[in-house]
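Please read this report alongside the sequence and the three-dimensional view, going from one part of the chain to the next.

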Amino acid sequence: MTTITAMTARALPRAGDDRRDANAAAVLRTVLDHGPVARSRVAALTGLSASAVSRQVVDLMGVGLLREHPELSGTGTLGRPQLPVDVDTDRLAVAGLHIGVPYTTFALLDLRGRVLHRQEISNRGRTGFAVLRPLLARLPRLIAARRGERTVVGVGAVTGGTVDPVRGVTIRHNPLDWRDMPLRDLLREATGLPVQVDNHARALTRAEILFGHPAARRSVVQLFVGHVVDAALAVAGAVHLGPPSPTGDVGHLPVPDSDEPCHCGRRGCLAVAASDTTLFAAAAREGITAGPDRAGLIAAVREGDRRADRLVRERARVIGRALALLADVVNPDLLVLTETFALLDPVYLDVVRSEFALRSHLHRDADLLIAQQRGADALAVAAGAAVLGELYARPFRTLAS
Ligand SMILES: [Zn+2]
């Protein structure tokens, strides 16, 4: 810790120096996209002067965000060798927590969003504060044991439900039985680190913008289907945060041709028609699994159980219909689906795509619809992206917080 603290003391700009932070962010993001890259090319891509880029690179190297790439790429104008620069993936790390119903995912990520360590911690059926109590006690040791030589500069914590990232509070998460849970303050107190809290669909979207498909920078809709169903929207690289804090709630979007009863009193709401809870319960009802069981259903699908295959295909069609509605309203450049079975077997993504193409009134090409590419790491990366997004947007201020 002391090494980086000493460096930040030297290189950090004065508080409130927003313009310098914006220039630093432009340099950092350009190196993220193009690194290893020559300073002169960074200048051309950002529109900043060569001397401004050089100053920023020195400061960003000083705080551990950039490093010089060891390979020489010609010489500078004054005869000094000009080394290309890249994002430093060795000195700093961020921690990510996705707090879900069955388990919490803990991860450490490097600055390119690559997972250095990931583990699931069972929540053993706990709800309310009982989910957090053991986690808060264990987290400092987990970080210390796994960070190695790296300095951990922040914790990103994401959950489903309604989350206010400005106050750092999960306002409402029904399956966890949380109301106004002050997640940021609790985690900051436990770890002594800066904490960013967000909704997991928004965090998945942020991860896609930072490290994913290039079209996500233009506009993207993300649909997360798990025990909860959440969506998020980003335009021109900015993740939408509606007033007062939720992105919006797609949970009660009526899905055509579905009549599952919802707790809201209506039938055919997406949150029920498409959720893992409904799917796993159906598998149990049909005797495919002994009880509602994620691993059991995945195993049945892998073994070619026809009833399991039919249930998963039915759900894929429900998701395709919902995505067609979302795409027709927003008309995004990219649709990203985060769902277990579309990832498990591309056949199920094809079912979603076919239904999508059939139902979309805009007749969008189904190729705009992709499955979340990170597999089991998706939620870990999203959790880390809550803090990495801040780091890439306001590097010095984030490190000084
Ligand atoms: Zn409903």
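## Strand S14 and its partners

Strands S11 and S14 run parallel and are joined by 5 bridges. Two strands are said to pair if DSSP finds at least two bridges between them, while helices (H or I, at least four residues) and strands (E, at least two) are DSSP runs, numbered from the N terminus. The model is a predicted one, in which local features need pLDDT of at least 70 and side-chain atom pairs count only at pLDDT 80 or more, although totals for chains, interfaces and linings use all residues. Residues are numbered from 1 along each chain as its sequence is written, and side-chain values use heavy atoms, with hydrogens and water left out.

Within S14, Val-336 is the bridge partner of Gln-222, and Val-336 also has Ile-370 as its bridge partner in S15. Strand S15 (residues 369–371) pairs with S14 in the parallel sense over 3 bridges. Strand S14 (residues 334–338) is mostly covered, with 5 of its 5 residues buried, where buried means under 20% relative accessible area, exposed means over 50% and partly exposed lies in between (1.4 Å probe, protein chains only).

## Strand S6 and its parallel neighbours

Strand S6 (residues 151–159) is likewise described as mostly covered, and 9 of its 9 residues are buried. S6 pairs in the parallel sense with strand S3 (residues 92–99) over 6 bridges, and in that pairing Leu-97 stands opposite Ala-157 of S6. S6 also pairs with strand S10 (residues 195–199), again in the parallel sense, over 5 bridges, and here Asn-199 in S10 is the bridge partner of Thr-159.

## Thr-104 in strand S4

Which strand holds Thr-104? Thr-104 is found in strand S4 (residues 103–109), and it counts as buried because its relative accessibility is 0%. Its side chain makes a polar contact of 3.3 Å with the side chain of Asn-123; a polar contact is a pair of N or O atoms within 3.5 Å, where, within protein, one must be able to donate a hydrogen and the other to accept it, and residues adjacent in sequence count only if both atoms are side-chain atoms.

Contact in general means heavy atoms within 4.5 Å. Leaving aside neighbours within four places in sequence, the residues in contact with Thr-104 include Leu-97, His-98, Ile-99, Gln-119 and Leu-135.

## A three-stranded antiparallel sheet

An open sheet is formed by 3 strands in the order S7-S8-S9, with antiparallel pairing. Its edge strands are S7 (162–164) and S9 (178–181), each of which pairs on one side only. S7 and strand S8 (residues 169–173) pair in the antiparallel sense over 3 bridges, and Thr-170 in S8 is the bridge partner of Val-163.

## The zinc site

The zinc ion is coordinated by His-252 (ND1), Cys-262 (SG), Cys-264 (SG) and Cys-269 (SG), at 2.0 to 2.3 Å. Donors are N, O and S atoms within 2.8 Å of the metal (3.2 Å for Na, K and Ca), and as water is not among the atoms, sites may look incomplete. Along the chain, the donors follow the spacing H-x9-C-x1-C-x4-C.

Why is the arrangement of the 4 donor atoms around the zinc ion tetrahedral? The 4 donor atoms subtend angles of 104 to 114°, which makes the arrangement tetrahedral, a label given to four donors if all angles lie between 85 and 135 degrees. Cys-262 counts as buried because its relative accessibility is 8%, whereas Cys-264, at 36% relative accessibility, counts as partly exposed.

## Helices H9 and H10

In helix H9 (residues 276–285), the buried residues include Asp-276, Leu-279, Phe-280 and Ala-283. The buried residues of H9 pack against strand S11 (219–225) and against several helices, among them H8 (270–273), H10 (294–302) and H11 (306–330). H9 is followed by Gly-287, whose phi is positive, near 75°.

In H10, Gly-296, Leu-297, Ile-298, Ala-300 and Val-301 are buried, and what covers them includes H9, H11, H12 and helix H13 (346–359). Asp-293 caps the N-terminal end of H10, with a side-chain oxygen 3.2 Å from the backbone nitrogen of Ala-295, and H10 is followed by Gly-304, whose phi is positive, near 85°.

Note on methods:
Four donors count as tetrahedral if all angles lie between 85 and 135 degrees; four count as square planar and six as octahedral if opposite donors are over 155 degrees apart and all others between 65 and 115; anything else is irregular.
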